Amino acid sequence: MAPNRPDRRTFLRTAVIAPGVAVAGAAAPALAAPAVTSSLPDIVWRLQSSFPASLETIHGSAEAMARTIAALTGGRFRIEIETPGHFAPGAETLDAVRNGTIQAHQTCSYYYMDLDPAFAIGTALPFGMNARMQDAWITDGGGQHLLDTFYANYDLVSFVVGNTGAQMGGWFRREIRSLPEIAGMKMRIAGVGGTVLARLGVEPQQIAPEGIYAALADGTIDAAEWGGPYEDEKFGFYKVAPYYYYPGWWEGGPSVHLLVNRPAFEALPELYKVALRTAAGQASHEMLARYDVRNNTAIRSLIDKGVQLRPFPTDLLEAAYKASFELYAELAAEHPRFKAIYEPWKLFRDQIYQSFRVAEFSFESFGFAQQAKGL
């Protein structure tokens, strides 16, 4: 996925909430505001999201986080949320956070891989980890320390605020049966996935979300990826590109991040720091659950509308896998910061793949096969 342009302004200025009052959108049991002493300051942060408010599941995680923070601090720590381009042009948002113009940015870190390829690892690498594995690596597998060591070079602190789960592979105007058929194809795709596909003969195109439908419809591009069934259906891609491929091997479990100005974070009272961490974790949990529920409904709706689901050809996947890890080896050789995160990431990924094959994969594979038989 990629950021959009501004479409509306959201200002979450929550009043002081009395103890015991439920937080809108928070999971039960209701969060209650603690007793906040009058000595704690009133603080308002400004946050710019990479996502328009119309994408309520992903943009909504920032809003949910802000509501929880306000509740946990009795309304004394509030976050003003804006859509892309309001506080700073989209491509300059990270600079605005670093120089303190704004305090936070909700985004996918791989949008900034041109600045340093190590930015890509925090969100997703092709043929990386699924959402559970990614969360395990960041939360308890050493990933958060590695990421924050890297982000310290940019005066940033990071928090995971969501995950979409495994994404789809995109919409194609014509069926693809083997690897050679993608040569010369123009596909809207960003990030590391685009770099890998370029090595296989695809011509990656950078097109803003609002322009994807028209580009598919008039043949300017042959294919496009965005996210998953729920948001893809909203864009109406199925009307002009009937073949819906899977999986989106470049985003098997992409984390959405909150990138925060380090001095601003360090200046917070300890209670506010805890509230921010707690709210980010809650928002992350809710986002993945909401995508799972909405994608489950949307993929059924798309099939009813005549969408043709197709798995990527095996030879294409094998070539993409090989090209991906060749690329990572090159990046590690050229970029010390990438190497410092990638090597422990790769070790964790390889080991957790092995352990997941034992119980998780065997359980799911058998159950899926039985359900497919109608049992």
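This is a predicted model: local features need pLDDT of at least 70, side-chain atom pairs count only at pLDDT 80 or more; totals for chains, interfaces and linings use all residues.
Visitor: Is Pro117 buried or exposed?
Guide: Residues under 20% relative accessible area are taken as buried. Pro117 has a relative accessibility of 8%, and therefore it counts as buried.

Visitor: Which residues is Pro117 in contact with, leaving aside its neighbours within four places in sequence, and how many Å apart are Pro117 and Arg337, C-alpha to C-alpha?
Guide: With the neighbours within four places in sequence set aside, Pro117 is in contact with Leu331, His335 and Phe338. Pro117 and Arg337 are 220 residues apart in sequence, yet their C-alpha to C-alpha distance in space is 8.4 Å.

Visitor: Where is Arg349 placed, and is Arg349 buried or exposed?
Guide: Arg349 has its place in helix α11. The cut-off for a buried residue is under 20% relative accessible area. Since the relative accessibility of Arg349 is 3%, this arginine counts as buried.

Visitor: Which residues is Arg349 in contact with, leaving aside its neighbours within four places in sequence?
Guide: Arg349 belongs to helix α11, and its neighbours within four places in sequence are left aside here. The contacts of Arg349 are then Phe127, Gly128, Met129, Tyr321 and Phe325.

Visitor: Which helix gives the most to the lining of the largest pocket?
Guide: The largest pocket has a volume of about 1,100 Å³ and is lined by 29 residues, with Asn130, Met133, Ala166, Phe361 and Glu364 lying nearest its centre. At least two lining residues come from each of α3 (131–140), α9 (270–304), α10 (314–334) and α11 (336–372). The helix that gives the most, with nine residues, is α11.

Visitor: How many residues in the lining of the largest pocket are nonpolar, polar and charged?
Guide: The lining of the largest pocket comprises 29 residues. Sorted by class, these are 14 nonpolar, eight polar and seven charged.

Visitor: Which residues touch the most other members of the largest nonpolar core?
Guide: The largest nonpolar core has 106 residues, and α10 gives the most to this core, with nine. Met65, one of the residues asked for, touches Leu47, Ile79, Val161, Leu258, Leu276, Ala279, Ala280 and Ala283, not counting residues up to four places away in sequence. The residues that touch the most other members are Trp45 and Met65.

Visitor: Which strands stand at the edges of the open sheet of six strands, and why is one side of each left without a neighbour?
Guide: The open sheet has mixed pairing and the strand order β8-β7-β9-β6-β10-β12. Each edge strand has a single partner strand, so one side of each is left without a neighbour in the sheet; these strands are β8 (203–205) and β12.

Visitor: In which sense do β6 and β10 pair, and in which sense do β10 and β12 run?
Guide: Strands β6 (residues 170–172) and β10 (residues 243–246) are joined over three bridges, and in β10 the bridge partner of Trp171 is Tyr244. Between β10 and β12 (residues 308–311) there are four bridges; in β12, Gln308 is the bridge partner of Tyr243 and Arg310 that of Tyr245. The sense is antiparallel for β6 and β10, and for β10 and β12 it is parallel.

Definitions and conventions
Residues are numbered from 1 along each chain as its sequence is written. Side-chain values use heavy atoms; hydrogens and water are left out. On a 1 Å grid over the protein atoms alone, a cavity is a set of points where a 1.4 Å probe fits but cannot get out, and a pocket is an open set with protein on both sides within 12 Å along at least five of seven lines; lining residues have an atom within 4 Å of a point. Grid points are joined across faces, edges and corners, and a volume is the space filled by probe spheres set on the points. Ala, Val, Leu, Ile, Met, Phe, Trp, Tyr, Cys and Pro count as nonpolar, Asp, Glu, Lys and Arg as charged, and the others, Gly among them, as polar. A nonpolar core is a set of buried Ala, Val, Leu, Ile, Met, Phe, Trp, Tyr and Cys residues joined through side-chain atoms within 4.5 Å. Buried means under 20% relative accessible area, exposed over 50%, partly exposed in between (1.4 Å probe, protein chains only). Contact means heavy atoms within 4.5 Å. Two strands pair if DSSP finds at least two bridges between them.
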